Amino acid sequence: MIAPLTAPPEVPLSRFEACWVAEAVRLRELAEAAELGIGIVGGSRSSVLADVALPIVGGEEAWLLRRAETIARDNGMLEATLAWRRRAAVMMGLLCVLAVVSGFSAALGFFGAGERAVNVTWTLLGLIGMPVVALLLWIVSSLLAGRVGAGVPGELWMWLMSHAPRFGGKSNHAAEVAVVRALATMSSRSGLERWWLGFITHTLWLLMIAACLVAMLLALSLRSYSFVLETTILKPEDIAGLVQNIAALPASLGFVVPDAEMVTAALAATQNDASSAVVATDSAASLSADLTVDASASFASQSEAERRAWSSWLVGGLLVYALLPRLLVWMFAAVRLWQLRAGLALDIRLPGYTELLRHSASPESPGVVDAAPALPQPTQVAAIHRVRNHDAVLLGLELGRDLLWPPARLATPRTVAGGGYAVTEVVESREQRRSTLAQLASHAPAKLLLACDVRLSPDRGTLGWIVEVSHYAGELRVWLVSPDSAEDVTAAWNRELTWRDSLAAIGLGPERVMTTESAAYAWLIQHD
């Protein structure tokens, strides 16, 4: 059972924020350990501050959360987290106000002019066009990309959070950087990021459409309008067909819509008024004023039933084609966001957590209450997830001295559209592995290609490290490197088969394993 957090009542932490703080502490401790060249439990000040007792087996997560909060209170990360939360609420409030103002302005732009004749097709298509197109693009991009997109309003909120000036209280830059980096890492790994950005996008669109609908109802309630159908190049029957097709769904929900006679009358009134305008142009100025009065009278001659039908057609069209679809998507995003937040948990297999738990559970640790058994070695690589950048990294792991590194074709890092790739030195020692994990934790690449010598058998330690590395990249693939010298084909195939079987056991299927330099190069420069 998870013990309650120790946050005071004035600054309560939700479970999401508690996990967020723990991730920030973990990343900062890994960076400090790499900088000092010591282990995460090698005597750093943060470790001493939080050297509290490890509870009975099964309470590791609660212990890590309490420990992280204790450290975060001391180094300012807790205050930075709460400040980020307040700032996010302010930015969201400003965007909500902007969405409401935009919706009102859009509706009043069609209904607030001095003339009282409203072109109904132009008005409805103008009001629903952008929301419908934006929703369709969001759905199509999500289906094609296989993941939910953030949307323009969500990306705008993220941009404001990154570039808007700070306000209120003292600024702790190091803590702010750790908090923001932890949020991006944790959200990307759990899949939360795309859903809460999507939720923000749909919330803002929903507010804008609702404000547009309210402004339309106010205008129709407080002013008297005549409704016309106008066209220059289309046939009248084409406009009439469009009106009837749009009216199908609102009519099924009980909205009053214009019948065929009303559509014909609106078209005829427009044509009659256009003919009157032509006559007015050819007549004297005194006669022109009289014709203008006659034109206004023809609009005013529209019956009350026709006005109500056209008003209902406009309101029903905006409600059915813009508001309701966005509301359904918003509800779906809200449910998914709630499910992911409710199921959020610390991954105690991550680097930093495993060392702390082993240290606290050891008999020599002064904080032991009931020593826990050694944690099992991680067995599955992380699923492919989204990260904040588009970089790619080529990393060599325990390659033989006779293998040219980096390969000639990949020796020069190359920049491509949306990102590039970098080549690192070969990782061999335990210290190099720890330092590499810390670097990847601070800047997770979108792609990580791990080159392994096929002649070395994949032991448990190597496979465990591959699993650890996979948490710090959007996608991990393995390149099985072999020397160019001639050797027994059967032996080479057996070694490759051993690697493939071992990688498949930790979740790296054949589609994420490559054996040629050309395939490695093509994947690194490919921009998703």
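Rings of Phe, Tyr and Trp (its six-membered ring) pair if their centres lie within 6.5 Å; planes under 30 degrees apart count as stacked, over 60 as edge-to-face and the rest as tilted. The structure holds six such aromatic pairs. The model is predicted.

**Aromatic pairs**
- Phe16 and Trp20 form a tilted pair, because their ring planes stand at 50° with the centres 6.1 Å apart.
- These two residues are four apart in helix 1 (residues 15-36), so about one helical turn separates Phe16 from Trp20.
- Phe16 and Trp20 are both buried.
- Trp310 and Trp313 make an edge-to-face pair, with 85° between the planes and 5.7 Å centre to centre.
- Helix 12 (residues 304-342) contains both Trp310 and Trp313, three residues apart, about one turn of the helix.
- Trp310 counts as buried because its relative accessibility is 0%, and Trp313 counts as buried at 0% relative accessibility.
- A cluster of Phe16, Trp20 and Trp84 is linked by ring pairs.

**Charge over a ring**
- Lys447 lies over the face of Trp523, 5.1 Å from the ring centre.

**Thr123**
- Thr123 is part of helix 5 (residues 120-145).
- With 2% relative accessibility, Thr123 counts as buried.
- Its side chain reaches the backbone oxygen of Asn119 at 2.8 Å.
- Not counting residues up to four places away in sequence, Thr123 touches Phe110, Phe111, Val118 and Leu314.

**Whole chain**
- The protein chain has 17 helices and eight strands.
- Of its 528 residues, 46% count as buried.
- The protein chain exposes about 26100 Å², and carbon and sulfur atoms supply 62% of that area.

Terms used: Residues numbered from 1 in each chain as written. Predicted model: local features only at pLDDT ≥ 70, side-chain atom pairs only at ≥ 80, totals over all residues. Heavy atoms only, no water. Buried < 20%, exposed > 50% of the residue type's maximum accessible area, 1.4 Å probe, protein only. Polar contact = N/O pair within 3.5 Å; in protein donor to acceptor, adjacent residues only side chain to side chain. Contact = heavy atoms within 4.5 Å. Areas by Shrake-Rupley, 256 points an atom, 1.4 Å probe, with all protein chains shown as cover. Lys NZ or Arg CZ within 6 Å of the ring centre and 35° of its normal.
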